[in-house]
Amino acid sequence: MQVQAMAARAAHAELTPWSYSIGELGPYACLIRVFACGICHSDVHMIDNDWTISNFPLVPGHEAVGEIVELGSQVRHLEVGDRVGVGWQRSACLTCPECLRGAENLCEDNKGVISDGYGGFADYLVVDSRFAFRIPSGIETSLAGPLLCGGITVYSGLVHAGMTSGKRIGIIGVGGLGHMAVQFASKLGNHVTVFTTSDDKAEFATRLGAHDALVCRDGEIPEPQRKLDILLNTAPANLDWERYLDLLAPDGALHFVGVPAGKLKLPLTPLLTKRLRVMGSPIGGRGEIAKMLEIADTFGIEPVVETFALSEVNEALQRVRENSVRYRAVLFP
């Protein structure tokens, strides 16, 4: 069959209509009719070949939600008609130590939806069925895609930094990642302090569940009521990390899911004297994704989205480049 897609023919190019053929499905593959697909900053990086891993023509889109229309011969856990979602990861070896312990996202042989194939800015998408996730009935189609990338990124980051319940958690930045991090942390029973640079985002974070919202003006970082157990950075800016380390309680963690440009410069002394951790993480493994979707459904955790028609994809991408989308963009074919 022919898939109708929007593709970049070269780095930095606008997306234009393009089609490609799908052959017979592999034994564990699934064919998904795409209902909606989120736009992530990673799509922009891939279009621009910022990471030098892009292959052109490039069909972006790794926050796809749709309906199973065909399954490979060995697929048993999904059925035709199921509503499923796909995140960044297309497949993994499923035999290495990382895969066997449920960390498929750390597999050295992991494949990306848009780095190793064609993505969801199209009417159909093929992936390994073991990386397609049933969407709980309580999660709207327009909201599911961003959960499968940004949502799992912040949820997994918080969990691996030590989030349980009753922690004091700081979130740096209230953007596409941060606004979901606030919801996961607060609705799972933690005291949440947000650090932002604008009054409107501080007020918005409070509506999302933040207990304290501190506005950082002129480079000054206010002191929270008490030292924090976890600081999750969701911002791309290079900030005063020494100051943020000072806000952590002993055994605290500064965890990066937002990626600042350049190298981090951190003093060693506070790491030693307070036994602090500095860490980072990508998306989560399959078990974490399933758990994250269950939690989002149970607690009503929802990304804030703006929707666009697929024909408006270049306008939507420009809005993402300008950081003017509040807070995630979603395309509908």
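Okay, "buried" means under 20% relative accessible area, while over 50% is exposed and anything in between is partly exposed, using a 1.4 Å probe on protein chains only. Before I use that: this is a predicted model, where local features need pLDDT of at least 70, side-chain atom pairs count only at pLDDT 80 or more, and totals for chains, interfaces and linings use all residues. Residues are numbered from 1 along each chain as its sequence is written, and side-chain values use heavy atoms, with hydrogens and water left out.

So, cysteines. A disulfide here is a pair of cysteine sulfur atoms within 2.5 Å, and by that rule we get 0 disulfides. Take cysteine 96: the nearest cysteine sulfur belongs to cysteine 93, 3.6 Å away. Cysteine 107 is in no disulfide either, and for it the nearest cysteine sulfur is again that of cysteine 93, at 3.6 Å. Cysteine 96 counts as buried, at 16% relative accessible area, and cysteine 107 is buried too, at 3%.

Now the sheet. Strands are DSSP runs of E, at least two residues, numbered from the N terminus, and two of them pair if DSSP finds at least two bridges between them. Six of them make an open sheet, in the order 12-11-10-13-14-15, with parallel pairing. Which strands stand at the edges? Strand 12 (212–215) and strand 15: each has a single partner strand, so one side of each is left without a neighbour in the sheet. Strand 11, residues 191–196, is joined to strand 12 by 4 bridges, and threonine 196 sits opposite valine 215 in strand 12.
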